Amino acid sequence: MSINKKTSNSTFFALLILVNQHFWKSMSGPFLAFIFPLILVCTLGFSLGYNSAFPGAFVMGIIAIGLNILPATIADFRKSSLLKRIFSTPIKPMKILLILCFFFFVLMIISFCTTFSLSILFFVKYYNIGQVINLPGFDNVSLPSFSQVLSHIDWVGFLYSTFLVIILSIILGLTIASVFKEPSTINSISLMLLVVTILLSGLAIPNVVVRNNNILWFFSYVATPFKPVVSISIESYNGAFFEDNSFMDTLRQINPSWEQMFNLNGSSWYNINSTYSIFNSIVLPGLNTGEAKLFDKVDKILNNVLPYVWISVFLPIIFFKFKWNNR
């Protein structure tokens, strides 16, 4: 009994080492897991501010791992002669799949923690004084200090949404590998989904624009499973960080009622009757400056229900369609 257990453990670690070596041999894996999210954090953080850019950028490494690296790894294993040799041993195919999922689950956590820690390091100079950015119609807007932002995060909702992103990423990656067999097709589908997620989850296109355009709003929930969980992350991260600062002073002078929009204590991801509204400074056709609604009751319901709907749709596909061979 102990010998079998020892053999099983040695097999587990041997396969884990094999998957780890495969990950670090490719350039795309480490780039998407660690470099890509940091590029987003720096690019968006220094231009838009850490309050609006970070919630989505923190989890983009997780999404990239699930959408791109996981299915690509499965496709590579299918093509390799190494897999045939493994299957000639008593090791069951399901065990290899579970080890892959375990490896990428841990990798996603490491990617998130690395991105979060380095982001604090990159923006540490704003920890006590606050970042100054330029918004249309305002000069030198001073955001709350980074320490204020961190202290007002709803950590339960933020970590909950991160966990959902991890689960969705793994399941969606396995679904892609189950439905499509050819590496070129897998890479094309994965890249398309990643681009759509970046565009519609609130990173490339501001959430206020997506929410106030009916077509974009509908398409964002249909085209990417990550829209709901990123929305929970955004609302949980922003908490109630707008307090006493120069931005609020400016808003009070323009319209005292706008101050209430920034007190987000009354808005939470689990309270479907609360409305998350912000002051909108973006002037685009069909979108005026002033109050902008990001998440209302309909959004809250979708954000809390859709992740589990997507999971319930993808799991049967994996169960019935996944095969290690291409036949």
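This is a predicted model: local features need pLDDT of at least 70, side-chain atom pairs count only at pLDDT 80 or more; totals for chains, interfaces and linings use all residues.

Q: OK, how many helices and strands?
A: The protein chain has 13 helices and 4 strands. Those are DSSP runs numbered from the N terminus: H or I of at least four residues for helices, E of at least two for strands.

Q: And what percentage of the residues is buried?
A: 52% of the 327 residues in the protein chain. Buried is under 20% relative accessible area, exposed is over 50%, and partly exposed is in between (1.4 Å probe, protein chains only).

Q: Where does helix H2 kink?
A: At Ile35, by about 35°, shortly before the proline Pro37. H2 covers residues 28-48. The bend is the angle between axes fitted to the seven residues ending at a residue and the seven starting there.

Q: Which residues of H2 are buried?
A: There's a list, including Phe34, Phe36, Pro37, Leu40, Val41 and Leu44. After H2 comes Gly49, with a positive phi near 105°.

Q: Switching topic: how many disulfides?
A: The search of the whole structure finds 0, a disulfide being a pair of cysteine sulfur atoms within 2.5 Å.

Q: Is Cys101 buried or exposed?
A: Cys101 is buried, at 16% relative accessibility. Cys42 counts as partly exposed, at 24%.

Q: Which residues have the most contacts inside the largest nonpolar core?
A: Phe54, Ile74, Phe226 and Trp324, in a core of 86 residues. Helix H3 (residues 50-79) gives the largest share of this core, 17 residues. A nonpolar core is a set of buried Ala, Val, Leu, Ile, Met, Phe, Trp, Tyr and Cys residues joined through side-chain atoms within 4.5 Å.

Q: What is Phe54 in contact with?
A: Leaving aside neighbours within four places in sequence, Phe54 is in contact with Val41, Gly45, Ser119, Phe123, Phe146 and Tyr237. Contact is heavy atoms within 4.5 Å.

Q: How many salt bridges are there?
A: The count comes to 4. The rule is a side-chain nitrogen of Lys or Arg within 4 Å of a carboxyl oxygen of Asp or Glu.

Q: What does Lys79 pair with?
A: Glu182, with the closest N and O atoms 3.7 Å apart. Lys79 sits in helix H3 and Glu182 in the loop between helix H7 (155-179) and helix H8 (183-200), 103 residues apart. Lys79 is partly exposed at 48%, and Glu182 is partly exposed at 40%.

Q: What about Asp299 and Arg211, how far is N to O?
A: That salt bridge is 2.8 Å. Asp299 is buried at 1% relative accessibility, and Arg211 is buried at 16%. Along with Asp296, Arg211 and Asp299 are linked in a network of salt bridges.

Q: And Lys300 and Glu235, buried or exposed?
A: Both are buried, and their side chains meet in a salt bridge at 3.3 Å, N to O.

Technical notes:
Residues are numbered from 1 along each chain as its sequence is written. Side-chain values use heavy atoms; hydrogens and water are left out.
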